[in-house]
Amino acid sequence: MDNLLISAINSTLATVVRGVQVVPGSAIAIDYIKNSYQNDPFRVVLELGLAIYAVKYMLSKKYRIDQNPVQLTEKEIDELVAEWQPEALVQPLSDIQRMELEKTQVIVGAQGLKPKVLSTGKNLLNFASLNYLGYITNEDIKKKAIETLHKYGVGSCGPPGFYGTLDVHIDLEKDIARYLGTESAIIYAQGFSTIASVISAFSKRGDIIVVDDGSNFAILKGTQISRSNIKWFKHNDMADLERVLESIRLETLAHKKRPLTRRFIVTEGLFQNYGDIAPLDKIMELKHKYKYRVILDESNSFGLLGKTGRGLTEMYNIPAKDVDMIVGSMANTLSAAGGFCAGSKEVVEHQRLSGQAFVFSASIPAMLAVCASEAIKILGTKQGEKLLKGLQDNAAVFRNVMLGASQWIEMSSVAGSPILHLRFPNSALVGLGVRTRDEERMLLQEIVDEVASKNGVLITRAKYVESQELHLPRPSIRISICAMHTKAEVEKTAQAIKAAFGKVMSSRK
Amino acid sequence: MTKLASVYKTDYVQALDQHSQTNLNSSWVNDKGAWMTNIILICFLKFMFGIIPGITSELSWTLTTLTYNIGSYIMFHAVTGVPFEFTQGAYDGITLWEQIDGGVQFTATRKYLTTVPIVLFLLSTHYTHYAPFAFFVNLVATVINLIAKLPAMHQVRLFDINQKVEGTTD
């Protein structure tokens, strides 16, 4: 019986061995296993374990590790589905939207000091466009632009990195750098995207940006797309800025293991939403104390502030080289298009590959670059000084009239600023019984309409993408002073606006 | 619901940035050429160590395994982030192994890259004739490499290695 069993096992084993030997390469495997044993079962177990692990790994099914961070139960899913109400594809217009559509003035023909509007067909005196020095209607610049158009055509047809760079672009970069007194400068095709691109070219995830909460929309978007840690300080409040910087310093001290991060202070020269000016001297002091870099948006102050229009740095007598990045727009004062960033050679060259708006946009048309170059040239001459003087005088005239009506009109703009924001004082709003933002906007629009129909003056409310703003400024009328207006025109307009404010207020009482 | 929303928000911004373009830092490991190169590199290593005058077979095999394991550990598990990118640091603090195939586990490339060190270990122990010291060194190097590749270790940081910097947003 035993013999039978043993012989049966033997014959089975022999068959298995023969079967295994038929498989190609099996001799090597058998040899390997025989060799591996080496009188050490522990090692065999280890190796076998590894081999089994490899096979198990090979046979596992793939899966996403981070598929759904929030696990909902069936019941929760049902509840959410039941709760969901589909939104109408097109929402009915709200009162404010309807007003916006009806009351927005459309200009027919060329932009200028007295453009023709579609609604009445009349020419209105323009206090709405950012045409501070009247370059839009400057004949010399226009002539140059036409000459350039004949030479280069309209578009540059390519991003600067490929074949979009012309000699006039390089000239403009040099002009800006020379004018500001920085080492180098780079030009972007669009004013709005310049600051956003500059911020995100330097500041990445984990870096820290300290921003003035009165900054314009472009800065807000720039800080958001940079994915950095954003800290806000109160508008132009240096004590608050110092508090924020100090808190960051203490936090860094508490976490010594953290790697060093890049740090930036971002602020605006002349604030688009308030018409006031950043205290650059104090900011530079804090920058040196806490070791930050400063990104200064001079979109509105470039070409306006300072004795010869070199911007905030000239006004505070600080060398432009000390500010790490000066960003500006050529679409405002220079009446061309695009933006620029001036700074050290390293700062500028870094953007040629890392500034997304520079790399991925076609460069600005040659004629606009020439316009900007010409505009800067004029700024440096006697004519430029005269224009700046005229602008300051006009702004002062307007401002003085407004100051005479402080019980109706609140103004956040400083003396010398060509951007004037006119708001209802809070006390007056309470007296009028105006509670919501929309009501306030409606009231301001009444003033805009009144001035347009009665006095032939084109002004506008300051408009915001309200759903996207973080620190929404109060509704206001934004006046842009132009150097080309006569003093009498400015005086008349200011009086008219003052009267309109008074009329609207009294009609509500 | 606010808590849920915030979980979604942070994840979706990072995920959106990560998937806004092909991650060229990790996509190459899926190329067939990259698989072949892996083998060629190992053969080259063995060859180079083998021709050192007077070297024993044990030592050359041990050096090969050790070099491969240390090299691949540095490459896949020690270096983080992406050197050239336009996503504002969406992969900061994420190792190459975690970037492969967008973090999906048990893909063909992962299986391949996990099996290679195991096979290399089995081969080398065999050719080192089971010298205890060589066996021990090879085993430790391989096991550390394999542990780092475990799905359970995905974005897990031990002993402060590659510790992520926590955001300080308010």
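**A guided look at chains A and B**

Mentor: Welcome! Let's begin with one residue: apart from its neighbours within four places in sequence, A:Ile107 is in contact with A:Pro115, A:Lys116 and A:Val117. Keep in mind that this is a predicted model.

Trainee: What joins β12(A) to β13 of chain A?

Mentor: The antiparallel strands β12(A) and β13(A), the latter covering residues 419-423, are joined by 2 bridges. Within that pair, A:Met411 is opposite A:Leu422 of β13(A).

Trainee: Now helices. At what angle do α10 and α11 of chain A cross?

Mentor: Their axes cross at roughly 10° and come within 11 Å; α10 spans residues 238-254 and α11 spans residues 280-290. Angles under 35 degrees count as roughly parallel, and that is why α10(A) is called roughly parallel to α11(A). On the α10(A) side, the residues that meet α11(A) are A:Met238, A:Leu241, A:Glu242, A:Leu245 and A:Arg249, and their counterparts in α11(A) are A:Lys282, A:Leu286 and A:Tyr290.

Trainee: What should I look for in backbone angles?

Mentor: Most residues other than glycine have a negative phi, and most peptide bonds are trans. A:Ser335 is not a glycine, yet has a positive phi of about 55°. B:Asp101 likewise is not a glycine and has a positive phi of about 55°.

Trainee: In which loop is A:Ser335 found, and in which loop does B:Asp101 lie?

Mentor: A:Ser335 is in the loop between β10 (325-329) and β11 (339-343) of chain A. B:Asp101 is in the loop between α5 (96-99) and β1 (104-105) of chain B. A:Ser335 has 24 C-beta neighbours inside 10 Å and therefore counts as buried; B:Asp101 has 19, so it counts as partly exposed.

Trainee: How many helices and strands does chain B have?

Mentor: Chain B has 7 helices and 1 strand, and from the N terminus the order is α-α-α-α-α-β-α-α. Of its 170 residues, 25% are buried.

Trainee: Which residues of chain B carry the UniProt feature "transmembrane region"?

Mentor: The unreviewed UniProt entry places that feature at residues 33-52, 59-79 and 130-148 of chain B. Residues 33-52 of chain B are 90% helix and 0% strand, with end C-alpha atoms 29 Å apart. Residues 59-79 of chain B are 95% helix and 0% strand, with 28 Å between the end C-alpha atoms.

Trainee: And which domains are assigned in chain A?

Mentor: The assignment for chain A lists domain 1 (19-77), domain 2 (95-135 + 383-508) and domain 3 (154-380). The centres of domain 1 and domain 3 of chain A, taken over C-alpha atoms, are 58 Å apart.

Technical notes. Residues numbered from 1 in each chain as written. Chains lettered and ligands numbered in written order. Predicted model: local features only at pLDDT ≥ 70, side-chain atom pairs only at ≥ 80, totals over all residues. Helix = DSSP H or I, 4+ residues; strand = E, 2+ residues; numbered from the N terminus. Buried ≥ 20, exposed ≤ 12 C-beta atoms within 10 Å, placed from the backbone. Domains from an automatic or database assignment. UniProt positions renumbered as here; feature names shortened; annotations may be inferred. Pairing = 2+ DSSP bridges. Axes fitted to C-alpha atoms, helices over the stretch in contact; angles between N-to-C directions. Parallel < 35°, antiparallel > 145°, perpendicular 65-115°, else oblique. Contact = placed C-beta atoms within 7 Å.
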